[in-house]
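Open the model in your viewer and get the selection tool ready.

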Amino acid sequence: MKKPMMALAAVAASALFLSGCAATDTTEEATTAATQSTSTSTDTAASVSLLESVQAAGVVRCGTRDALPGFAVLDDSGEHVGFDSDFCKAIAAAVLGDATAVEMVDLETADRFTALQNGSIDVLVRNTTWTATRDGSEAATFLQPNFYDGQGMMVAANSGYSSVSQMKGAIICVSKGTTTEGNAALESSRLGLNWEVRSFDDTDLILEAFIAGQCDGWSSDVSQLTGFRSAYPEGAAALAILPEVFSKEPLAPAVLDGDTAWAQAVNWAILATIQAEEFGITSANVDQIASSTQDVSILRFLGQEIESSDGSAVLDPSLGLPTDFAYQVVKQVGNYGEIFARHLAPLGLERGVNALWTDGGILYAPPYR
Amino acid sequence: MIVWLKRNMFRSVGDSIISVVVAALAGWVVWQLLQFVFITGRWEIIQVNLKLLLVGRFPEELMWMLGTSILALSFWIGAVASSSKRDPDKKTSLIKTGFGLLSRFGLIIALGAIIIALAGTLDAVLLGIGTVAAIALGRLVGLARRRIAVLAKIPWLIWQILLVALPLVMIVQTLLVSDLSEWGGFLINVYIAILSIALAFPLGVFLALGRRSSLPIVRLVCTSYIELVRGAPLFVLLLLAGVALEFFIPSEIAPGAIFRAVTVFTMFTAAYLAEIIRGGLQSISKGQTEAGKALGLSTVKIIFLITLPQALRNVIPAQIGQFISLFKDTTLAGAALSMLELLKIGEAITKQDDYLGQGLVYESLGFVALLFWVGSYVMSRESQRLERKLGVGIR
């Protein structure tokens, strides 16, 4: 009586397992078939760009994360939403003409470059600071930064600190495994402040420690601090972010080294959002502008036909992108200002250095011509 | 009662002080806990994200398949549980049966009620009622088999295959139709755990037998497998499976994260299980094997009819312990393989715009812990029942 039941269980289990494999097979069949041409050719010729294989596969695999406030979080249906997620969608809109054709791959901080190197993602848009070492030794090519951040210090408003240099011997709480940890130690020794730096696994734990008074200061990227300040249980006024910013953190998308065509395509998808804001084109008015404007540079940018003495023509800069990629990006995702307003402004972040160059910021897109 | 209290809690001054202090401490903890659960806890974060926590990104339009699978499984469990029950003539009072049922399934019923209350949809209520009805129907079918002569003539094996066919077809159908990469939440923890347990058990048995084999090569292979796999931390194996695999094979043909997780958990658990079962085999006295030989039984028959059944029975607690640990270890897959399993989602939802930085980590992790605790506790209780039924520890 016992044995047949066990045999039955084993049969059931193996059937389950096999069907599980079968299920993944069938769903992956489509992508495998689609990438067949490229997967066979990548072995023979390394010169085939990801741009072509992504267009053949019909989906962009975007390395991201699932729990970074404002930049990439899961909504209640499990979709990724946030500033970085929107740039993933912008890349898909530019390359494939469909902002939804993106597969978000959640990555841990430690795995992100490995995933890029082993080809399990096409592009990394994961709040990653562009540094020389990462550029050089991680086989990553960094592109136009989508956010210029910097590390700052948050203290309780009633702590009496008004400058970082007053925080002698303070306990500083940071997240583990980030550049923040090293920057805090560096800043401490540079100013001779003798900080005790405490690392936490999760920002929620820092929050609890901070509320419990275990930390004198909380150091992280200013964008993060602003987010936590605005949501602080006792109100944002209970906290103060000190004026000093003691590191440069240009957060930039990255692709694998040695694939110029793909790098350029991704880069122009980012730049298109900046250029669109400069032109004043938003997702709401893009159709109207495309049909009514006489401005040649805007028509060119949106991939519209330009009348000239020798007939009409559409500018194709030979980036390997559809000529209307900028239109698709703006229409489906929006311009830089819209993306910022959607995800970062609610956290209480100001444009600051992330404003257009015409508004005193440093966002500047090369001319599209 | 007062006498008992006096004798056990307040025998001397020292005892009295300890009793009062401990009682006050326990009361304070319970009070805090109750306050958190019923007053200060902000459970809307769980309410809003309930589907995400339970099934991840599982497509909404396919949820009915999942529901039907649960119903089919409940039916099967009901039928199997009743058909294996002995002495149908023994009478027990209705109250006693009801109390027994409650003590055995009360926890699951309570959890089901909590989830239904959180979900607050008609579908959830219907699923809850349906599950109970399916179990009842299963029991009726099981009873009918014993009572009705025509049905009783059907051989046991065919009967079992007939019963298991429905849930199996339903589950396989769900697997085939939905994209496995969209599975998530608690569903994925349970799926990985059940599959790994089912696969690791036979593998562990064969490794244990192989390690005691008289053939040197078989022994060497099994021993080195066990020692190698046991020597590596589980997390390292998961990381290797998650990250390193793609350096060797193109990412297009690399298997999905679930496949990798199941492979690693099966390999790892089998190695530990092999040692547990070997311990069980060694507890069987040599005289039994010799007696089997004297009767002219083959080695295979001696193992599968005499030593192995006793060995497995003797090590039930340790085996179940290993399975419980596997069930909870599935949370490691979230960090190592970037899967959206329960713990990872539990951490992620506290970063949503509406809940950011409000210290809701207690609510979300509390819910995660509750699900795992109920799962583990039920496993442990059922193993104790099995022990009692098989008379482990009683000679």
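The expected span of a helix is 1.5 Å times one less than its number of residues, and helices are DSSP runs of H or I with at least four residues, strands DSSP runs of E with at least two, both numbered from the N terminus. This is a predicted model, in which local features need pLDDT of at least 70 and side-chain atom pairs count only at pLDDT 80 or more, while totals for chains, interfaces and linings use all residues. Residues are numbered from 1 along each chain as its sequence is written, and chains are lettered from A and ligands numbered from 1 in the order in which they are written.

**Stop 1: a helix in chain A**

Select residues 83-96 of chain A, which form helix H3. Its 14 residues reach 20 Å from the first C-alpha to the last, close to the 20 Å expected at 1.5 Å a residue. Now colour by burial: a residue is buried if 20 or more other C-beta atoms lie within 10 Å of its own, exposed if 12 or fewer, and partly exposed in between, with C-beta atoms placed from the backbone. Because 14 of the 14 residues of H3(A) are buried, this helix is largely enclosed by the rest of the structure. Step on to A:Gly97, which follows H3(A) and has a positive phi near 75°.

**Stop 2: a three-stranded sheet**

Next, show S2, S3 and S4 of chain A, an open sheet of 3 strands in the order S2-S3-S4 with antiparallel pairing; two strands pair if DSSP finds at least two bridges between them. The edge strands are S2 (67-68) and S4 (80-81) of chain A, each pairing on one side only. Zoom in on S2(A) and S3(A) (residues 72-74), joined in the antiparallel sense over 2 bridges. Here A:Leu68 stands opposite A:Ala72.

**Stop 3: an enclosed strand**

Move to residues 217-221 of chain A, strand S12. Why is this strand largely enclosed by the rest of the structure? The reason is that 5 of the 5 residues of S12(A) are buried.

**Stop 4: two asparagines**

Most residues other than glycine have a negative phi. Select A:Asn127, whose phi is positive at about 55°, in the loop between strand S6 (123-124) and helix H5 (132-137) of chain A. Is A:Asn127 buried or exposed? A:Asn127 counts as buried because 26 C-beta neighbours lie inside 10 Å.

Now pick A:Asn194, with a positive phi near 55°, in the loop between helix H6 (179-191) and strand S11 (196-200) of chain A. With 11 other C-beta atoms within 10 Å, A:Asn194 is exposed.

**Stop 5: domains of chain B**

Finally, colour chain B by its domain assignment: domain 1 (2-40), domain 2 (44-58 + 180-395) and domain 3 (60-178). Such bounds come from an automatic or database domain assignment. The centres of domains 2 and 3 of chain B, taken over C-alpha atoms, are 25 Å apart. Where these domains meet, 10 residues of domain 2 of chain B are in contact with 10 residues of domain 3 of chain B (C-beta atoms, placed from the backbone, within 7 Å). On the domain 2 side, H3 (44-48), H4 (50-55) and H19 (361-390) of chain B each give two or more residues. H19(B) supplies the largest share, 3 residues.

Notes:
Contact = placed C-beta atoms within 7 Å.
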